[in-house]
Amino acid sequence: MYICVCKGIKESDVENLGRAGITCPKKLAATLGIDDKDNCCGRCLNKINDLVTIASREYKKHSTSVQV
Ligand code: FES
């Protein structure tokens, strides 16, 4: 499912970032390139909390499944 139609970002892209440990709003926005005010409509940046939720959910899943 696309979460950003302007840049073609899918929910799975956000999940991958979460698994890589990127869960804070600023890092997510910068990594996805949605903090670029000149080339973004801003709709998905307004939903940054939803993206944080998706990334954090994947991070928790991944971190609990890794065995030491
Ligand atoms: S929907 Fe993401 S920049 Fe427009």
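Colleague: What covers the buried residues of H1?
Modeller: The cover includes strand S1 (2–4), along with H2 and H3. Keep in mind that this is a predicted model.

Colleague: Which residues of H1 are the buried ones?
Modeller: Helix H1 runs over residues 11–19, and its buried residues are Val 14, Leu 17 and Gly 18. They sit on the same side of H1, because the arc they cover around the axis is only 105 degrees.

Colleague: Why would residues a few places apart point the same way?
Modeller: An α-helix has 3.6 residues a turn, so residues three or four places apart end up pointing the same way.

Colleague: And what follows H1?
Modeller: Gly 21 does, and its phi is positive, near 95 degrees.

Colleague: Okay, zooming out. How many helices and strands are there?
Modeller: The chain has 3 helices and 2 strands. Along the sequence they come in the pattern β-β-α-α-α. The chain is as compact as a globular protein of its length, because its radius of gyration is 12 Å, close to the 11 Å that the globule rule gives for 68 residues.

Colleague: What does the C-alpha trace span along its principal axes?
Modeller: About 45 × 20 × 15 Å.

Colleague: How much of the chain counts as buried?
Modeller: 21% of the 68 residues.

Colleague: Which residues make up the largest nonpolar core?
Modeller: There are 11 in all, including Ile 3, Val 14, Leu 17, Leu 28, Cys 44 and Ile 54. S1, H1, H2 and H3 are the elements that give two or more residues to this core. H3 gives the most, with 3 residues.

Colleague: You mentioned Ile 54. What does it touch, leaving out residues up to four places away in sequence?
Modeller: Ile 54 touches Glu 11, Val 14, Glu 15 and Gly 18. Val 14 and Gly 18 are among the buried residues of H1 that we talked about.

Colleague: Switching topic: where does Asp 35 lie?
Modeller: Asp 35 is in the loop between helix H2 (25–32) and helix H3 (48–65).

Colleague: Why does Asp 35 count as partly exposed?
Modeller: Because it has 16 C-beta neighbours inside 10 Å; a buried residue would have 20 or more, and an exposed one 12 or fewer.

Colleague: What is Asp 35 in contact with, apart from its neighbours within four places in sequence?
Modeller: Ala 29, Ala 30 and Leu 45.

Key
Residues numbered from 1 in each chain as written. Predicted model: local features only at pLDDT ≥ 70, side-chain atom pairs only at ≥ 80, totals over all residues. Helix = DSSP H or I, 4+ residues; strand = E, 2+ residues; numbered from the N terminus. Contact = placed C-beta atoms within 7 Å. Rg over C-alpha atoms; globule rule 2.2 N^0.38 Å. Arc of directions from axis to C-beta. Core = buried A, V, L, I, M, F, W, Y, C linked by C-beta atoms within 7 Å.
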